[in-house]
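Hi everyone, thanks for making time.

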Amino acid sequence: MKEPFLTAVPVLERLETAGFEAYFVGGAVRDFLLNKEINDVDIATSATPEEVKQIFSKTVDIGIEHGTVLVLYQNQAYEITTFRSEAEYENFRRPKEVAFIRSISEDLQRRDFTMNAIAMDKYGNLIDPFQGNLAIINQVIQTVGNAENRFQEDALRMMRAVRFVGQLSFKIEEETLNALIEMVHLLEHIAVERKQTEFDKLLSGVNRKQALELILQTNMYHYLPGLSNQEEAIKLVLEYELERLNSREMWALLIFCIKVEKKEIEEFLRGWRIPLKEIREIQLILHYLNMRFETSWSSYDLYTATKDIFVSSEILYLVINGIVGSDTIQHYTRLYESLPIKERSEMDLTGTDLMAWFNKSGGPWVKELLLKAEQAILDGRVTNSKKIIKEWLMECNHN
């Protein structure tokens, strides 16, 4: 047993003292058995939501209709879910009704894959009725029970299977894979937001190449936004060394391979329901990538791009050109770090200064002079000092 389980043990003990069963469940148990880092834990209990709320003084109803209560205990937050069984599913994603039960084995039976259908008590003992630990040892992704039934209940489980291939480097068991291929069309019923979450995790996985190959093999790409006719573009993505790329850079590479027009990039990413902030970052990466194909980075380019963006653009440039062992990122990072200013607010000059110096009201000329001074400071032609900037501008204006 290790953290964060150890800190959470008193929560299990409080539930047990009240006469109920309680276990750690889900991805945290799987990752514990894989010796991976664990960020938080989920707890399943035989106590109903109302009984959980009677045991703990600070709770929040976050999904009480499905049996989940957020418990605030000793400065930590824990999602505690009542053992449950699920009736017939609707819309290929959610059960029509949920029944609270007292059996952990029955609760585990409703889960997607055997590796996720393991419970662990406070001593580290496993409750593993579907041999999930064996699946982890053998690195196999297999549904709990009949694969077609599991996928028909929630079609997103098919994307989750492929995502786990990318994240864990496991293989999908043969019957599970065959059912996935047979039922992949059910993904058309799944909300884009849910697909985007899984696809983003897939793009971040260490084994993303095999996961993308599975997306092609299973025809899953037909049911993903903007990818239905992009088999060749996905194959092109697979030709590159992807290990160095984060998910944001993977999105940029995918768009590059699809050859999405600059004006259509936002529309493509909005189709995936990607947050606007991330869309802007991906657009900037692609903008500077295209610039990089034409020329090297200038001081002003590095400054306007900012560090995160120019590093991502340079990594993509190296990957697309098959360049390995290059020190350009270190070189441009050193150049960036040596810049006299990193953003305009650091410039010892304001528009108010300019209007006072030239005794003129505001207008486009203010922006032009600010830009002129900014470039001169970055190029090292002028020191970032109000007095020196004023002298330089006056001399330029006089000439």
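Before anything else, a word on naming: helices (H or I, at least four residues) and strands (E, at least two) are DSSP runs, numbered from the N terminus. Residues are numbered from 1 along each chain as its sequence is written. This is a predicted model, where local features need pLDDT of at least 70, side-chain atom pairs count only at pLDDT 80 or more, and totals for chains, interfaces and linings use all residues, while side-chain values use heavy atoms, with hydrogens and water left out.

On a 1 Å grid over the protein atoms alone, a cavity is a set of points where a 1.4 Å probe fits but cannot get out; a pocket is an open set with protein on both sides within 12 Å along at least five of seven lines, and lining residues have an atom within 4 Å of a point. Grid points are joined across faces, edges and corners, and a volume is the space filled by probe spheres set on the points.

How many cavities of 30 Å³ or more does the structure hold? One. The largest cavity comes out at about 70 Å³. Around it sit F199, L203, L212, I215, L227, I234, V237, M250 and L254. Two or more lining residues each come from α9 (192–204), α10 (208–217), α11 (231–238) and α12 (247–258). What classes are they? We count Ala, Val, Leu, Ile, Met, Phe, Trp, Tyr, Cys and Pro as nonpolar, Asp, Glu, Lys and Arg as charged, and the others, Gly among them, as polar. On that count the lining has nine nonpolar, no polar and no charged residues.

Now the second largest pocket, at about 260 Å³. Both α12 and α14 (276–294) give at least two residues to its lining, and α14 has the largest share, with six. Among the lining residues are I255, F256, R280 and H287. By class, this lining has six nonpolar, three polar and three charged residues.

Back to α12 and its packing against α9. Axes are lines fitted to C-alpha atoms, for helices over the stretch in contact, and angles run from 0 to 180 degrees between N-to-C directions. The angle between α9 and α12 is about 100°, and their axes are 8 Å apart. So α9 is roughly perpendicular to α12 (under 35 degrees is roughly parallel, over 145 roughly antiparallel, 65 to 115 roughly perpendicular, and the rest oblique). Contact means heavy atoms within 4.5 Å, and here F199, D200, L203 and S204 of α9 meet S247, M250, W251 and L254 of α12.

Next, a few single residues. Is T114 buried or exposed? Buried, at 4% relative accessibility; the scale is under 20% for buried, over 50% for exposed, partly exposed in between, with a 1.4 Å probe and protein chains only. T114 sits in the loop between α4 (104–109) and β10 (119–120).

Last, the backbone. Most residues other than glycine have a negative phi, and most peptide bonds are trans. Still, a cis peptide bond joins E3 and P4, with omega about 0°. Q74 has a positive phi, near 50°, and lies in the loop between β4 (68–73) and β5 (76–82). R273 also has a positive phi, near 60°, and is partly exposed at 45%.
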